[in-house]
Amino acid sequence: MKRAPLLSPRGLVLRAAIVALVFALAHAAGLRAYTSILSGTSPTGNAADGWAALLGCIYVLLYFAFILAVPIALIAAALMALATRWLERPGAKAGSAANDPAL
Amino acid sequence: MLGLCALLVASAIWLPIVHLLFARSAERRADQLAARGTALWVDASLREREVAKMRGSNAEWDFMGRSFLVWALANRALREPAAAPRALAAIDVIIDETLRLERERGMYFFLMPYARAGRFVVAPEASQFLDGEIALMLAMRRVVAEKPEYRAPLAARVERMAARMKQSPVLSAESYPDECWTFCNTVALAAMRLEDRLDGTDHAQLLADWVKTAKRRLVDPKTGILVSSYTVDGHHLDGPEGSSIWMAAHALQIVDAEFAADQYARARRELRHSALGFGWAGEWPASWRGPRDVDSGPVIPLLDVSAGSSGLALVGAASFGDRAYLDELRATLELAAFPIERDGGLTYAAGNQVGDAVLLYALEMGPMWRRVREPIARGAP
């Protein structure tokens, strides 16, 4: 299967879906509780628990990717699809705005 | 090129509106936090788990979670008389349990281990941290509804605080050996103010002298903000810190409203950050950098986000009616503190029980300080 380029509508949607899926898995696994590391509180009561801190960091990164990067990728994909359709409409020529009789 | 342009435009569309997703009703959040806070005092196993998590990092948080919850519930009881019986029942359980632990395990139970590393300078040995917050718990409870059993413990606590403060040239008592905290001493002053209101005692001179001394000896020369900690003789140990000043300004509102407002304005100018509808607070002003510690919590570099300062900034903003900053802080809380709703209750996963209690206090505050400022009516507390 051919891999969709990152900066293409399909590539952006695909990557947004992957991030959303991985975040959903982390959320379902209960990693949200491990974010207490942000306040310096150990989720397990053991301040030296490195694994708990790592899980908390992973959840935080996935969460912000889901909240910020996923919507941006989806909006960008929609914009790219619209722009591509407009540029490829019948009769359109690249850089032909100056020749447009409507102007 | 088209792809990069699309990403830029998409960011320009999404980032300015994302904060709108995180607007929540303050009333509903307060109800949920109160439900969770009181549930902890009904379900012993739930409380044990929460306390163990906090004590693993800081024994103080176990104590402060109690104080802020009591103060919040007291305000809630004044705001909603229908909620008072349930709130008072929880308050009494918390106070009695806290006093029992202090009596049986000693003050060190609620202090960090370094409290044992030195000797308290002022006699009798006591911690203003515990005395001030316990006194304020007792006093607020009695403002909501008189409880005669708490009158003598409040009087004894206030008398001890006043006696210890008067032995210091900067009128401050230690929370840890030769370590006075602005947070603790301003809470103590607020408790004295409440006792004066309740029992007709008169600490007005001590309160006025403290403010006068603080203006002269306890403010940072660059920012004019009260420093967070100092020795008994007034030598500064830390500069201004967000984890102290927001609460100190709030407590000072019933001691010297003008000084309190000035402190809040200075703290806001030096510590407030905001962007895209979100707000947060730094722990230190630009002119002074302290060590990251258990009070500041982890500080996120570049953005200068301090969990401790941002949490207490909610108290400051709510106290001074700073609606714009409060809304921004609450949006950030909903975005980045990871709320978990369960069984009608609410907890913020990125914080802990003391964080939830601080937020509840910020959402409920108002009625108590208003009551203290009202002229005394015959028969009213």
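Two residues are in contact if their C-beta atoms, placed from the backbone, lie within 7 Å. On that basis, residues 24 or more positions apart account for 59% of the contacts in chain A with a separation of 6 or more. The structure is a predicted model. Its scores are ipTM 0.81 and pTM 0.90. Chain A contributes 23 residues to the contact with chain B, and chain B contributes 27.

**Confidence**

- Chain B averages a pLDDT of 92, and 97% of its residues score at least 70.
- Within chain B, confidence is highest in helix α9 (residues 204–217), at 98. It is lowest in strand β6 (residues 299–300), at a mean of 74.
- Chain A has a mean pLDDT of 84, with 84% of its residues at 70 or more.
- Over residues 96–103 of chain A, pLDDT stays under 50. The model has one contact beyond four places in sequence for that stretch.
- Where pLDDT is low, the predicted coordinates should not be read in detail.

- Chain A has two helices and zero strands.
- Of the 103 residues in chain A, 27% are buried.
- The side of chain A that touches chain B holds 13 nonpolar residues, nine polar and one charged.
- Helix α2 of chain A covers residues 50–87, and Leu87(A) belongs to it.
- Leu87(A) and Leu61(A) are 26 residues apart in sequence. Their C-alpha atoms are 36 Å apart in space.

**Nonpolar cores**

- The largest nonpolar core has 116 residues. Ala74(B), Met140(B) and Leu314(B) touch the most other members.
- Helix α4(B) supplies the largest share of this core, with twelve residues.
- Leaving aside residues up to four places away in sequence, Met140(B) touches Val70(B), Trp71(B), Ala74(B), Leu194(B) and Met368(B).
- In soluble globular proteins, nonpolar side chains tend to be buried together.

**Helix α4 of chain B**

- α4(B) is mostly covered, with 19 of its 21 residues buried.
- The helix runs over residues 59–79, and its end C-alpha atoms are 31 Å apart. That agrees with the 30 Å its 21 residues should span at 1.5 Å a residue.

**Strands of chain B**

- β1, β2 and β3 of chain B form an open sheet in the order β1-β2-β3, with antiparallel pairing.
- β1 (174–176) and β3 (229–230) of chain B are the edge strands. Each has a single partner strand, so one side of each is left without a neighbour in the sheet.
- β1(B) pairs with β2 (residues 179–181) of chain B over two bridges, in the antiparallel sense. Tyr176(B) stands opposite Glu179(B) in β2(B).
- β8(B) pairs with β9 (residues 345–348) of chain B over four bridges, also in the antiparallel sense. Arg342(B) stands opposite Gly345(B) in β9(B).
- β8(B) and β9(B) form a hairpin with two residues between them. In the turn, Asp343(B) has a positive phi of about 50°.

**Backbone exceptions in chain B**

- Most residues other than glycine have a negative phi, and most peptide bonds are trans.
- The peptide bond from Ala123(B) to Pro124(B) is cis, with omega near -5°. Pro124(B) lies in the loop between α5 (84–105) and α6 (128–144) of chain B.
- Leu276(B) is not a glycine, yet has a positive phi of about 55°. Leu276(B) is in the loop between β4 (272–275) and β5 (278–281) of chain B. With 12 other C-beta atoms within 10 Å, Leu276(B) is exposed.
- Phe338(B), also not a glycine, has a positive phi of about 55°. Phe338(B) is in the loop between α13 (323–336) and β8 (339–342) of chain B. Phe338(B) counts as buried, with 23 C-beta neighbours inside 10 Å.

Notes. Residues numbered from 1 in each chain as written. Chains lettered and ligands numbered in written order. Predicted model: local features only at pLDDT ≥ 70, side-chain atom pairs only at ≥ 80, totals over all residues. Nonpolar A, V, L, I, M, F, W, Y, C, P; charged D, E, K, R; others polar. Buried ≥ 20, exposed ≤ 12 C-beta atoms within 10 Å, placed from the backbone. Expected span 1.5 Å × (residues − 1). Pairing = 2+ DSSP bridges. Core = buried A, V, L, I, M, F, W, Y, C linked by C-beta atoms within 7 Å. pLDDT = per-residue confidence, 0-100.
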